[in-house]
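Thanks for coming. I will go through one structure today, and the sequence and the coordinates are on the screen now.

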Amino acid sequence: MYPADLLKSLELVHSTRQRRRAESLPRLEEQQRDHLLKTYHPDYKDAAFRNLRVGANKGDRVTHELADLLESFSDLDHARINLEPEFTTDVLVLGGGGAGVTAALFAESLGARVLLATKLRLGNSNTIMALGGMQASVAEEDSPLRHFADTMVAGGFAGKAPLVKALVEDGPHIVKWLLDIGVNFDRDALGNLATKKAGGLSAPRILSIGDHTGLNIMKVLKDEMRKSGRIEILEFSPAVELTTDAAGACNGAILYDLGRRRHLAVQARAVILATGGAGRLHNQGFPTSNNFGATGDAVVLAYRAGAGIEGMDSFQYHPTGVMFPDHMVGVLVTEAIRSLGAHLVNAEGRRFVNELETRDLVAAAIIREVEGGRGVRTPSGKVGVWLDIPVLEELLEKGMLKKRFPSLFKQFRRVRIDITRRPLLIYPTLHYQNGGILIDEQSESTVNNLFVAGEAAGGIHGRNRAMGNSLLDIFVFGRRAGLAAAERRGAVPGPVTLNHLTRYYDRLKSLRISSVAKSPTLFPEFIVDKL
Amino acid sequence: MLTIELEGRKIKVPEGLTVIEALWDTGHDVKRGIGCLSGLCGACTVAYLEAGAQRVRFGLGCQTVVAEGMNVIMLPYFPSRMARYDMERMTNPLQELAGHYPELTACNDCKACNICPEWIDVAGFVKTAKEGGYESTADRVMDCHMCGLCASRCPKSIAPQYVGLYIQRSCARQRPLPPNLAKRLEQMAALPADREFTQVAALNRAGLEAYCRKILDS
Ligand SMILES: Cc1cc2nc3c(=O)[nH]c(=O)nc-3n(C[C@H](O)[C@H](O)[C@H](O)COP(=O)(O)OP(=O)(O)OC[C@H]3O[C@@H](n4cnc5c(N)ncnc54)[C@H](O)[C@@H]3O)c2cc1C
Ligand code: SF4
Ligand code: SF4
Ligand code: FES
């Protein structure tokens, strides 16, 4: 329940609702967009970035948080570790979210032996948390070409056309596959897949399953993995390093068994990195919507093994992360709410941006309001703006919120905030890494036999990911990675080595970098700061 | 500061923390029961007794805020039996439900399973499933995040979450292919492989921009 101060500010939201409903805010002109981003979007805060001093992308601009990890040593005593493989397999999949499980399923479908190792429990991932939905061009007025154009525009034309082409062309086939294994996408009365329009889309293209899209897909994928019993699963075993052969090709990984507290080596003919994104690095001190294990491990591991990265200075700050109550800070309020017409309202009771602009613009506009002193302050000193959700009940129909957003309704019911009556206080939350490890259309990185899929991969979304394209990309490139990796079965993997580490560390030492940070991070250091 | 009993130990913690934050605050190195930290994934189930209360309650550790005098523990993952099957090979999986989950018929509607942190009426959907109301069951289990709390309580060893998932998948599988998807797949198959797109993918940035704007304006 809201404390008195916030209730007072809320009165203003309630009292201005009718007036706001009559208002329609114009979309921003090209120039205004540019100005808004450059002045307020965190990606443009130069002080938050520096240029990398080592590795394949030496000279590239990345966030300090990431640079700290890339310019550091690992906990692993690489000279002493036992490299005798405890497991050998054809395909080693690292990460048990949507991309990893899809890759494992498709690799196995070609008869490859598959081992999947993941940090926490299988399925514990960002994929489970995806609420809004998945893009795929199935609607009459839509087409893969439109999907292509929308994606390129959203990403500021920084996405790689061949990857975007793969994404949009595989889309409808992926939907078919998901339906075949029993994923229950919402349908309309005629049995068509229901499609919704979202910010920045030129046609209705979002498929969903209530407001629990990722969860319901992930449940089915996990269930599907059990069917053959041939995919071996190691839970609570995060990868802490990749291994390479004499020629520098990837041939396995070192895992850390969290239970037994020891390292173990796995040898494989191909490795698929699907460890997701980096939200838990809390760039620039932002809250995050990401799960506990999203610490950007893939980029660290692949980079040390020599892989190129792409666009790691571009992140998505989802405009609507929760700011009150404290224990929910960073939790996402789905974009579907804005797509339907909810208003963003500042402390003066005014709307300040067309809510259907792309995420980067809306996020920048909210930051502008807060920096300009038009934000609303919580008792613990956090500042946000209001998201007027109750207006939807008036705009559309009474009772629709509970029906269409049951998970959101329940999340707030737990803290006694009734979203049908009360707006939510929100602020941008670190949501997605737009860049990642550079891949080709087969999902292979620039290191031989090292494949990457999902949020860890880069080059698809350019500098801004459109809503719903991530859920699609994890299946499209998860599948491609799985199939291509399984084809590497012929080759016998050479002995596993950590020679790439020796080389990388020599570089660090020659630059007199002696950082104390250890990477990968694996788990965020949590400071409970409410005392 | 509040005094609570956490994992069997009396301890002082600051006000306003969730159970998970209280565990961190007191130096517990918890990883197993942590996932989304948003009340979405079901990894962090806890059991707690509030001061003066009679009944143990269940909830999510990342969303349950500690209160004075609360006695709380994190629950370990509960093992429950799941059937193994290949959905893609079955044309009518609903007919095979009883073969995979025979214990479903043993449900006596005792309602012991109604402790769902998602407020799902578990006993209700199990009953509906037993009576053959599959579509309605599938609808009602959509928010289940598989925490397994309900299964931990069932005297008949029914795992409602897995029965529900089986039914959810079966219903989806048995629906006809959506006409709009079928049409799109047909259209795509009819196009000559790689036509226009090959040229598009080779365009330079200015070319790409012009091309995309053209499509979006059409
Ligand atoms: C709250 C939220 C809502 C979202 N909503 C949407 C949406 O509506 N539509 C959309 O398209 N996208 C959405 N996204 C984005 C999308 O869900 C993710 O980008 C996508 O699911 C990532 O999938 P993934 O398989 O790459 O990574 P994840 O699903 O995060 O899986 C990564 C896995 O790797 C494991 N792992 C991590 N490090 C290691 C390691 N070192 N070794 C081994 N395993 C490791 C993790 O534990 C996890 O299991 C949302 C994201 C969030 C956080
Ligand atoms: S497993 Fe049972 S208790 Fe847990 S969410 Fe699902 S129905 Fe509810
Ligand atoms: S606890 Fe078991 S027997 Fe009792 S109602 Fe639930 S499913 Fe049926
Ligand atoms: S950590 Fe996911 S529900 Fe609590």
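Predicted model: local features only at pLDDT ≥ 70, side-chain atom pairs only at ≥ 80, totals over all residues.

Across the interface of chain B and chain A there are 30 residue pairs in polar contact, counting pairs in which both residues have pLDDT 80 or more.

On the chain B side, helices 1 (19–25), 6 (160–174), 7 (179–190), 8 (195–201) and 9 (205–217) each supply at least two of the residues that touch chain A. Which of the helices of chain B gives the largest share of that side? Helix 9 of chain B does, with eight residues. By class, the side of chain B that touches chain A has 41 nonpolar, eleven polar and 20 charged residues.

Now the interface as a whole. In total, 72 residues of chain B are in contact with 75 residues of chain A. The size of an interface is often given as the accessible area lost when the parts come together. Between chain B and chain A, the buried area is about 6,800 Å², and carbon and sulfur atoms give 59% of that area.

How many salt bridges are there between chain B and chain A? The count is eight. As an example of a salt bridge, take A:Lys227 with B:Asp86, where the closest N and O atoms are 3.5 Å apart.

A:Leu221 sits in helix 9 of chain A, which covers residues 213–225. Is A:Leu221 buried or exposed? Its relative accessibility is 0%, so A:Leu221 counts as buried. Neighbours within four places in sequence aside, its contacts are A:Gly98, A:Val101, A:Thr102, A:Leu105, A:Trp177, A:Ile181 and A:Phe475. As for A:Asn346, that residue is 125 residues from A:Leu221 along the chain, and the two C-alpha atoms are separated by 42 Å.

That leaves the ligands, of which I will show two. Around ligand 2 the residues come from chain B, and among them are B:Cys116, B:Cys144, B:Cys147 and B:Cys150. B:Pro117, B:Val122, B:His145, B:Met146, B:Gly148, B:Leu149 and B:Gln161 are also around ligand 2. This shell has eight nonpolar residues, three polar ones and no charged ones.

Ligand 3 is surrounded by 13 residues. Which of them are the closest? They are B:Cys107, B:Cys110, B:Lys111, B:Cys113 and B:Cys154. The shell around ligand 3 divides into nine nonpolar, one polar and three charged residues.

That is what I had to show.

Key:
Residues numbered from 1 in each chain as written. Chains lettered and ligands numbered in written order. Heavy atoms only, no water. Near = heavy atom within 4 Å. Nonpolar A, V, L, I, M, F, W, Y, C, P; charged D, E, K, R; others polar. Helix = DSSP H or I, 4+ residues; strand = E, 2+ residues; numbered from the N terminus. Buried < 20%, exposed > 50% of the residue type's maximum accessible area, 1.4 Å probe, protein only. Contact = heavy atoms within 4.5 Å. Buried area = accessible area lost by both parts, 1.4 Å probe. Salt bridge = Lys/Arg side-chain N within 4 Å of Asp/Glu carboxyl O. Polar contact = N/O pair within 3.5 Å; in protein donor to acceptor, adjacent residues only side chain to side chain.
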